[in-house]
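User: I'd like to learn how to read salt bridges and ligand contacts in a model. Could you walk me through some?

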Amino acid sequence: MATATVQGLRARQVLDSRGRPTVEVDAIASTGEIGRAIVPSGASTGRHEALELRDGDPKHYGGLGVLKAVGHVAATIAPAVRGMSLDDQAAIDAKLLELDGTPNKSRLGANAMLGVSLAVAHAAAAARGEELYVHLNRLWKGRLDAAGAAAAGIDAGPTMPLPMVNMISGGLHAGGNLDIQDVLVMPVGAESYSHALEMIVAMYRAVGAVLAERGLESALVGDEGGYGPKLRNNEQALEIVVDAMLACGFEPGRDAAIALDIASTHFFDPASSSYSFANTKGSTIDSDAMIAMLSDWVDRYPVISIEDGLAEDDWAGWERLTVALGGKVQLIGDDLFATQSARLAKGIEAKAANAILIKVNQVGTLSETLDALVLARRNGYRPVVSARSGETEDATIADLAVATAAGQIKIGSVARSERLAKYNRMIRIEEALGEGARFTKIR
Ligand code: PGA
Ligand code: ZN
């Protein structure tokens, strides 16, 4: 079996959840099936991410059009991959890298390349008559074998992940006044994925009720569906989420815990090496004061995970942050690692962070995403597969998280259908895995 090849590619410009253009690719199998993928887009984009190619033509979509990237799929990529085996994802991704030839995918655009890379995986699964997660799981096992990692006891999946879910949004994602980007919950006491989802929905509703009771904005939501209230300070968001847990009858820290995405790169000033809080007047602090503030929150709130607690190039700070908190909480590098294996390797060497956010469009191909996942797992860094703030109905990351037994997934809130497309996809996968569906417990 599995002799299907790439017959052709079609690409078009569609819109994402913020109404911004993005790339959609259809990969057509020689056997007639079509695989489709749509590329996500970030707002709090790190400097080390692969390049998202935008047209820059102010007459169309304020310069955000992606017709150049779409054109690269048709003119450059399609003729080069035609006839290649759909099952050989590594060869197709290698071809994409060769065609691009730049370190940050600036020639073809990471959006063009990722659209093709993911559409090929979808077409390969369709040609085999398999669900995407089944096909991705085969690719994952192949990668583990090649790395000798299966023998090292790394989970070969498929496993349902624990969701880390946005409750209150700030930073570049919402109109409120929070400097930190997300206050999230992790339903750590859940027994299954579907149980986790029900707990999350209860907490989401409870956060809305707590905000309404206090006369705070409880209807408008941010880009990822979290509430976007104007609060007294960052800490008030943590208090509200704890109150919502209690209102649900959950014991904070046991049934549900808090995760934070500080996204601190966006209020870091490299010139003065300091972090500036807009909503705490005159508050500009250095890395050590940031570490002290985060440590204080960990002591006083049920916080078990902190993402981008320090900025993307504050390596020395990250080392000290990891010494201070790495034994107690999950420290995730998002902008820090940008899903790039080379940056992750540097972090492993320096003992910076102990977890990595995995965003497919930060690196631009499925194979490089799998590389980062393997490197993380081999070194005990927990992966968290993540969506972007700009998303679509494409639910590929749900299959990816299950297929690679990543353990955790971060999609945004349980509002807005570009988020629910992924949560609902995992409901179907859990059903397909049946009674014995494995589920990751995180403590
Ligand atoms: P972004 O936000 O997609 O805007 O980068 C998500 C995150 O920071 O995790
Ligand atoms: Zn982040």
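**Reading a salt bridge and a ligand site**

Analyst: Happy to, and we can start with one pair: R47 and E312 form a salt bridge, with 3.8 Å between their closest N and O atoms. The cut-off to keep in mind is 4 Å between a side-chain nitrogen of Lys or Arg and a carboxyl oxygen of Asp or Glu. Please remember that this is a predicted model.

User: Which parts of the chain does the pair R47 and E312 link?

Analyst: Distant ones, 265 residues apart. R47 sits in the loop between β3 (34–38) and α1 (67–81), while E312 belongs to the loop between β11 (303–307) and α8 (315–325).

User: How many salt bridges does the structure hold?

Analyst: There are 36 salt bridges in the structure.

User: Now the ligand. Which residues around ligand 1 come nearest?

Analyst: Here we look for residues with a heavy atom within 4 Å of the molecule. Ligand 1 has 14 residues around it, and the nearest are A43, H173, R388, S389 and K410. By type, the shell has seven charged, five polar and two nonpolar residues.

User: Which polar side-chain atoms lie by the oxygen atoms of ligand 1?

Analyst: For polar contacts, look for N or O atoms within 3.5 Å of each other. A polar side-chain atom of K410 is 2.6 Å from a ligand 1 oxygen. For the side chain of R388, the distance from an N or O atom to an oxygen of ligand 1 is 2.7 Å, and for that of E307 it is 3.1 Å.

User: How much of the accessible area of ligand 1 does the protein cover?

Analyst: Of the 280 Å² that ligand 1 has on its own, the protein covers 99%. The space that ligand 1 takes up is also the largest cavity.

Methods: Residues numbered from 1 in each chain as written. Chains lettered and ligands numbered in written order. Predicted model: local features only at pLDDT ≥ 70, side-chain atom pairs only at ≥ 80, totals over all residues. Heavy atoms only, no water. Polar contact = N/O pair within 3.5 Å; in protein donor to acceptor, adjacent residues only side chain to side chain. Areas by Shrake-Rupley, 256 points an atom, 1.4 Å probe, with all protein chains shown as cover. 1 Å grid on protein atoms, 1.4 Å probe; cavity = no way out; pocket = protein on both sides within 12 Å on 5 of 7 lines; lining within 4 Å. Sits in = over half its atoms within 2 Å of the grid points. Nonpolar A, V, L, I, M, F, W, Y, C, P; charged D, E, K, R; others polar. Helix = DSSP H or I, 4+ residues; strand = E, 2+ residues; numbered from the N terminus.
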